[in-house]
Amino acid sequence: MNSIKKLGAALTAFSVAATMASCSAPTIGGGSATAVTIDGYDIPAGVFIFYSLSAYLEASDIIAEGSETNATPTMEEVEDSHIDNLTAKEWIQNKATDYCSEFVAVEREFEKIQGELTPEDYEIVESQVAQMDQVDIYTKNGISDESASAIFENERKRTHVFEYYYGFEGEKGMSEEELKDYFDENFARVKYVTMSYLDAEGNELSEADKKEVRELAEEYADRINEEKDTMEKLYIVNEVKEEYSEYVKEKAEELASKTGTVTTTTTTTTTTNATETTTTTTTDPYENESVVSKYTTTTPEKVEDPATTTTTTLSAKQKSDIRLNEFIFEELTDYDKAVVLDDEENDALYVVIRSDLRERMTEEDLWSEDYISALQSLEYSEEFVEYIQELAKSYTAERNKSAYRRYSPFKLDMEQDKAYTY
């Protein structure tokens, strides 16, 4: 939903090998110069430069993905490149103009809904501007506090517009009960112990040792299920998790004594999805409990990388993650019952317990404003972005040719001494 945040996150790792010693940073004069007029709205040069930096970074990523090494290209390499049959300069400035059009679309929508920024919004904006003042790549390119405030206020307005259409009272969103249903259907609250059919050196266990691990897993599940109280079961999961770590450590020491090698072991918890949220509290039973999201598509045995047209076979770890996710959502239907998932094909074994997600849907826990906002964004952000982009496409952009020449991406200073995220 937030295109500027993409820039903030990406600039953390932003670096350009080429230097710009011969180019001086532009002076904008408080951000009052107009770079482009969109639908009658004058875009300050500072705002245009900000979006040009974002567009340059996107261009750099596209070029890197298409290279053999995936290395970040130098500025000279970017300048010499073509994207979508356009020179890099044309592509970057077109993209920056598109961002400016989206900026105006948000402003227009905010006016339409008669939105107002809150004191909290202005506090957030003030804090973001102060942070931005500490980042060389912005200050060296003359982005004033006035332009920075306009950018960040636009982001706050974007949030309000999204909430207006997709919040609980919005014409396009879900009611609170519908969102709770969505949460419950697409996420699961689980705790599990990950066990392995491999030894400390990564070798497959003998059949006797595999049998021992299976019996251990069944013993853990039985101990958990002996308890009648849900909280007590969750405590027992923590106990057996620690016990299994000790078991792995002892086995590694035995192996090391036989082979004469020094082995360091680390027991980790498998993550079943990149979007998984791990919930750890200061009190026990929820420690190590996770809220995992359901895979929405069947993951193939092999994946093709469109940038390189190479085919990559999924690792045993990836396949095991997929199998665990499928098991949780398709087979683990009884709440608060520990079950063993034997995935010998991928060298893994799990003791898993799934609990009722709705029990933790409270304002103090998993139904806070942050969770609600994240769920709404997850479901509707793509639709909202498309809505804003369609509005933006309907606008006419009158470019200030002098400003576009002056603030050409390859006249900007792309070296960064300090990273910035927000």
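**Figure 1. Surroundings of K157 in the predicted model.** Leaving out residues up to four places away in sequence, K157 touches V106, E107, F110 and L117; the model shown here and in the other views is a predicted one. K157 has its place in helix α7. With a relative accessible area of 13%, K157 is buried, because buried means a relative accessible area under 20%. E146 is likewise placed in helix α7, but E146 is exposed, its relative accessible area being 53%. The C-alpha atom of E146 is separated by 9.0 Å from that of V129, and the two residues are 17 residues apart along the chain.

**Figure 2. Helix α5 and its two sides.** Helix α5 comprises residues 119-132, 14 residues in total, and from its first C-alpha to its last it reaches 20 Å, which is close to the 20 Å expected at 1.5 Å a residue. The buried residues of α5 are D121, V125, Q128, V129 and M132. Seen down the axis of α5, these buried residues fall within an arc of 100°, so they line one face of the helix. P119, E120, E123 and E126, on the other side of α5, are exposed. The packing partners of the buried residues of α5 are α2 (45-65), α6 (136-139) and α7 (145-166).

Figure 3. Strand β1 (residues 34-38) and strand β2 (residues 41-44) run antiparallel and are joined by 4 bridges. Although D39 is not a glycine, it has a positive phi of about 55°. Most residues other than glycine have a negative phi. D39 counts as partly exposed, at 37% relative accessibility.

**Figure 4. The hairpin of strands β10 and β11.** Strand β10 (residues 339-343) is joined by 5 bridges to strand β11 (residues 348-355), and these strands run antiparallel. V340 stands opposite V351, the latter in β11. The hairpin has 4 residues between its strands, and in it D347 takes a positive phi near 65°.

**Figure 5. N288 in the loop between β6 and β7.** The loop that holds N288 lies between β6 (277-279) and β7 (289-293). N288 has a positive phi of about 75°, although it is not a glycine. With a relative accessible area of 32%, N288 is partly exposed.

**Figure 6. Helix α8 and what covers it.** In helix α8, which spans residues 176-186, the buried residues are L179, K180, Y182, F183 and D184. The cover over the buried residues of α8 includes β5 (187-196), β7, β11 and α12 (369-393). F183 is also among the residues with the most contacts inside the largest nonpolar core.

**Figure 7. Nonpolar cores of the chain.** The largest nonpolar core has 69 residues, and those with the most contacts inside it are I43, Y51, I92, Y138 and F183. I92, leaving aside its neighbours within four places in sequence, is in contact with S52, A55, Y56, A59, V78, P409 and F410. In soluble globular proteins, nonpolar side chains tend to be buried together.

**Figure 8. The protein chain from which the close-ups are taken.** The protein chain has 13 helices and 12 strands, and of its 422 residues 44% are buried. Among contacts between residues at least 6 apart in sequence, 73% join residues that are at least 24 apart. The accessible surface of the protein chain comes to about 22000 Å², and 44% of that surface belongs to carbon and sulfur atoms.

Key: Residues are numbered from 1 along each chain as its sequence is written. This is a predicted model: local features need pLDDT of at least 70, side-chain atom pairs count only at pLDDT 80 or more; totals for chains, interfaces and linings use all residues. Side-chain values use heavy atoms; hydrogens and water are left out. The expected span of a helix is 1.5 Å times one less than its number of residues. Buried means under 20% relative accessible area, exposed over 50%, partly exposed in between (1.4 Å probe, protein chains only). The arc is that of the directions from the helix axis to the C-beta atoms. Contact means heavy atoms within 4.5 Å. Two strands pair if DSSP finds at least two bridges between them. A nonpolar core is a set of buried Ala, Val, Leu, Ile, Met, Phe, Trp, Tyr and Cys residues joined through side-chain atoms within 4.5 Å. Accessible areas come from the Shrake-Rupley method with a 1.4 Å probe; for residues, only the protein chains shown count as cover.
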